[in-house]
Amino acid sequence: MGKIISFANQKGGVGKTTSAINVAASLGYIGKKTLLIDLDPQGNSTSGVGITKKGLKKTIYDVLTDGTDIHEAIIATKFDNLSVIPSTIALAGAELELIEIENSEYRMRDALNLIRDDFDYIIIDCPPSLGMLTVNALSGSDGVVIPMQCEFYALEGLSQLMNTVSRIRSHYNEKLSVTGILITMYNARLLLSLQVINEMEKHYSDKLFSTMITRSVRLSEAPGFGRPICYHDPKGKAAQEYMAIAKELAERI
Ligand SMILES: Nc1ncnc2c1ncn2[C@@H]1O[C@H](COP(=O)(O)OP(=O)(O)O)[C@@H](O)[C@H]1O
Ligand SMILES: [Mg+2]
């Protein structure tokens, strides 16, 4: 049975989408059948793996709000073992629509049950909030990866997210666990980075991934080419770092 992992953090701009795309593509690259689900109305994971949003027939919005068969929303990418369920801006409406439906927390879980045997890994790129979409993702996941940047308020945000994970665990999904905390956009020359890492190690040493993702221009330009980093710049440091994370993830869950 495939493992389902949400990439979540209520803060925007911390590297959720970049990490979801590149971990998913790296898993595919090493032979794991992988599905990337774009759960952010901005649709950056969709375009990041080379899918044009215009003219899409079915998206995750249809699956969650309309009862569309999830099989119909899966699109193959041109990358090894990597499929995607896309999203568009229409998904922004789902937050409100789902609140009005009873037990809608389980929509994602119920849909994924139909396909989880078809994949080794299902990676969900969550939006930057703890609303109904993220609750749906976490209620249907085995694990959560928390990408975070080394900044002053990171630890505060992290404890809030940990509380949400506990709440989901007690109300909707007792098997949910924190698979790992992933430091992104790391810059070893910044004193603040070192201080935040120090604090993180005090409180969450068992959760931190052993590799950190350093700042990389190649990584930030790759989505513009619709390519994950392991295809855009396969020999570069960022590709190696995300490959290491994918392997560590596969050992952890
Ligand atoms: N390691 C990195 N080095 C340089 N830029 C990065 C890195 N990780 C992410 N970015 C850039 O930072 C911005 C925010 O990242 P993104 O993955 O979209 O965050 P989120 O999904 O959490 O909002 C994007 O422009 C992305 O290209
Ligand atoms: Mg994002």
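**Sheet and ligand site of a predicted model**

Seven strands make up an open sheet of mixed pairing, ordered 3-4-2-5-1-6-7. Strands (E, at least two residues) and helices (H or I, at least four residues) are DSSP runs numbered from the N terminus, and two strands pair if DSSP finds at least two bridges between them. Strand 3 (75-76) and strand 7 (177-184) are the edge strands, each pairing on one side only. Strand 7 runs parallel to strand 6 (residues 143-149), and seven bridges join the two. V145 stands opposite G180 in strand 7.

This is a predicted model, in which local features need pLDDT of at least 70 and side-chain atom pairs count only at pLDDT 80 or more, while totals for chains, interfaces and linings use all residues. Side-chain values use heavy atoms, without hydrogens and water; residues are numbered from 1 along each chain as its sequence is written, and chains are lettered from A and ligands numbered from 1 in the order in which they are written.

Ligand 1 is surrounded by 14 residues (a heavy atom within 4 Å), and the closest are G13, K16, T17, T18 and S216. By class, this shell holds four nonpolar, eight polar and two charged residues, with Gly counted as polar and Asp, Glu, Lys and Arg as charged.

Several polar contacts (pairs of N or O atoms within 3.5 Å) can be followed here. Oxygen atoms of ligand 1 lie 2.7 Å from a backbone N or O atom of G13, 3.0 Å from a polar backbone atom of G15 and 2.6 Å from a polar side-chain atom of T18. The protein covers 77% of the 560 Å² of accessible area (Shrake-Rupley, 1.4 Å probe) that ligand 1 has on its own. Helix 1 (16-29) and helix 9 (217-221) are the elements that give two or more residues to the shell; helix 1 provides the largest share, three residues.

How values were computed
Polar contact = N/O pair within 3.5 Å; in protein donor to acceptor, adjacent residues only side chain to side chain.
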